[in-house]
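Trainee: I have a chain to study today. Could we go through it one question at a time?

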Amino acid sequence: MAKKTSNKKAKEDVLNLDAILFKCRDILRQAKNSGAFFEKRDMMLTLVFLRFLGEKYEDGVANLRQTLIEQGLDPDDEEIQKAFFEDATFADGTFDLPLEARWSTIINTAAPQLNVALDTALRSIGTTTPQLKGCFVEGTFTQRNLGANDIKKIVDEINKISHKAFGEEKDLIGRVYEYFLKEFAVHATSEEGEFYTPHDVVQLIATVIEPFDGTIYDPCCGSGGMFIQSSELVKTKQGDISRINVYGQELKDATYRLAKMNLALRGISHNLGSKGDSSFTNDLHKGLYFDYIMANPPFNLKGWWDDNLSTDARWTDYAIPPASNANYAWILHMLSHLKPLSGVAGFLLANGALGDTDALEIRKKLIENDKVEAIIILPRELFITTDISVTFWILNQNKKGGKYHGRELRNREHEILFVDLRQWTENPVKGEQKKKVQLVPEQIQRVADIYRQWQSIETDGKNFAVPELYRSVGIEEIEQNNWTLVPSKYIEFIDHDLEIDYPKEMARIQQEMKELMQREKESQKMLEEAFKGIGYGID
C-alpha cells in the first residue's frame, strides 16, 4: 500500500518558493541561449510579474462577477458583459488585461509558441497600460529564444507561484530578486547597489520614523522593496496607502524597470523618474523636498565621483565628500531633499562612516548643525549578501520638540541617541546556506520604544542610559571624542571579568577538580573488583 503524504507535508511542498526558484534556476543553467546571470534573473522576474498580474486580474474578474450577482445582474448576459467586462475598471486598482496578456492565455499556449506569446503579452501590456510603460525590454523572450521544452518547464514552475499561497501582503517580486542575489552572490556582491534590504530591517526603519503620510523618497530604490514593505506597515497603522506618495531613483535600467513593475502591481502611487540614472550626476528629483527618506545605499560605494560634482550645491554648506567613498555623499544628498523644517530620514550605512577620518569635517558640521538624531548599530549577519554590521542613521530637521504623530516631543537640540544592538544575535534564520540572524517584532518594537522614550517630554536626556544598550550624549562629549559617532565610545560596557571573586572562584574550581579525581579513583577501584579472578583464553 502506498504511503500517504500528510496534508502538512503537501502544503509545505506547495509553499516552498525557494524550491520552485531553484528548479527554474536549474533549468536555465542547463538551457541553451539562457544568457548571463542578469538576463536569467530579469527573465524570471518578468515571468513572476506576469503571473502575479494575471492572477490579480482573475481575482478582479471573479470579484466583479460576484458584485454583479449580488446586485441582481447576470454576469453572463451579453449586454452586461459588454458594459462591465469589456474595458473593465476595477475598484482595487487591478489592471484590465487584453486577452493575449492574461496568464490563462500564456499557460495554455503550446510550447513552440511560448517565447512569441510572452513577448506579445509584454508588448500588449506596455501599450495598453500607461502605468506599466517602460517596465519591459522589447523582445525579452524571443531574443533569448529558449528551447520550447525549457521555456515550457519554466512557465509551468512559475504557474505554481500564487499570492493565495505566498500571501499577497509579501513583497513577492522582491523575494524572488533576493533569491537570485543570494544564489549568485559572486555576481551580486560585485554589483553596485544590488542589495535587497531584509524585511525585518525595513520594518525597523519604518517603525521608528513612522512614514504614515506625505511623501517618501529613496535615492537608491533598487527593486522598490523599501516602499512595498513600508506601505504594508502604513496599511497596518492607518489602513490607507493613498495617503503616501513615493519618489525614487535607481541607477540600473533593469532594476528601475523591476521597481516600476513592483510598485504598479501594488497600486502604490510613485514617481521614479523617466529612466534609470545616477542620483549624483543626474538627480531626477532636483529641487523637491520630502517628508521622509528611507534608504539602503550601496555600502562604501566606489567610482561614484564625477569632476562636474566639485561645485555641486549639495555640499556647499559642508565640504566635498571623499571621492574614494560615497557614504557621506549619500548623507548630503539625502539631507538636500529633506523638508527644511520637518523632514526625517532613516537610512543604513557601513559602520566605517561613524568615524571615517576622510569625512571628519562633514560629520562635525552635521553634528554642529543638529542634523543627526540617532545612531543605531545593528547586529551582524542581517543581510544575505554581506555579513558586516551596519548602522541605522536617523537625521531630523527638527529636534526642537513639538507635536509628531500625536506625541509631544521634548527639545533634543545638541543631543544624540546612541543604541548598540550588536549583541542581539539570538534569533538565527533556519534553512539558509550561510549564517543569518533576524530582528523579531518584539525587538523592533523595543528599539522604537527606546527612541520614543528618549524623545518624550518626560525624559531627562542627560540621564537616559542603560549599560551595553543605549545612552543619550551631549555635543560637548562628542566634541571631546573628536566628533566620532561610534556608539562604543559613549555607551557604558561592563567588564564582567571584574565582577569575578578570583580567590573564591579558584577555590571552587580546585574543589571540583578534587571531587572529580576522587570519583575517578572510586570508579577504577570498582572496575578492578568486578574483573578480579576473570581469565581469558581459548577452550
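Trainee: What share of the residues in the chain is buried?

Mentor: First, the ground rules. This is a predicted model, where local features need pLDDT of at least 70, side-chain atom pairs count only at pLDDT 80 or more, and totals for chains, interfaces and linings use all residues. Residues are numbered from 1 along each chain as its sequence is written, and side-chain values use heavy atoms, with hydrogens and water left out. Buried means under 20% relative accessible area, exposed over 50%, and partly exposed in between, with a 1.4 Å probe and protein chains only. Of the 539 residues in the chain, the buried share is 50%.

Trainee: How many helices and strands are there in the chain?

Mentor: Both are DSSP runs, numbered from the N terminus: helices are H or I with at least four residues, strands are E with at least two. Under that rule the chain has 19 helices and 12 strands.

Trainee: Of the contacts between residues at least 6 apart in sequence, what share joins residues at least 24 apart?

Mentor: Contact means heavy atoms within 4.5 Å. Take the contacts between residues at least 6 apart in sequence; the share that joins residues at least 24 apart is 73%.

Trainee: How does the reach of helix H6 compare with the span expected at 1.5 Å a residue?

Mentor: The expected span is 1.5 Å times one less than the number of residues. H6 covers residues 114-128, which is 15 residues. From first C-alpha to last it reaches 21 Å, close to the expected 21 Å.

Trainee: Which helices are included in what covers the buried residues of H6?

Mentor: Start with the buried residues, among them Leu114, Leu118, Leu122 and Ile125. An α-helix has 3.6 residues a turn, so residues three or four places apart point the same way. The cover over the buried residues of H6 includes helices H3 (37-70), H5 (103-107), H7 (140-144) and H8 (148-158).

Trainee: Why is helix H15 described as largely enclosed?

Mentor: H15 spans residues 327-337. Its buried residues include Tyr328, Trp330, Leu332 and His337. Their cover includes strands E1 (214-218), E4 (292-295), E5 (344-350) and E7 (390-396), plus helix H16 (360-368). H15 is largely enclosed by the rest of the structure because its buried residues number 10 of the 11.

Trainee: Which residues lie nearest the centre of the second largest pocket?

Mentor: On a 1 Å grid over the protein atoms alone, a pocket is an open set of points where a 1.4 Å probe fits, with protein on both sides within 12 Å along at least five of seven lines; lining residues have an atom within 4 Å of a point. This pocket holds about 510 Å³, a volume being the space filled by probe spheres set on the points, which are joined across faces, edges and corners. Its lining has 22 residues, and nearest the centre are Asp312, Ala313, Arg314, Leu332 and Ser336.

Trainee: Which side chain has a polar contact with that of Gln397?

Mentor: Gln397 sits in the loop between E7 and strand E8 (402-404). Gln397 counts as buried, because its relative accessibility is 16%. A polar contact is a pair of N or O atoms within 3.5 Å; within protein, one must be able to donate a hydrogen and the other to accept it, and residues adjacent in sequence count only if both atoms are side-chain atoms. At 2.7 Å, the partner is Lys371.

Trainee: Which side chain has a polar contact with that of Asn396?

Mentor: Asn396 lies in strand E7. Its relative accessible area is 7%, so it is buried. Beyond four places in sequence, the residues it touches include Gly343, Asp370 and Tyr451. The polar contact is 3.1 Å, and the partner is Glu373.

Trainee: How far apart are the C-alpha atoms of Ile376 and Phe418?

Mentor: Ile376 is in strand E6, and is buried at 1% relative accessible area. Along the chain, Ile376 and Phe418 are 42 residues apart. Their C-alpha separation is 6.0 Å.

Trainee: What is the phi of Glu381?

Mentor: Most residues other than glycine have a negative phi. Glu381 lies in the loop between strand E6 (372-377) and E7. Its phi is positive, near 65 degrees.
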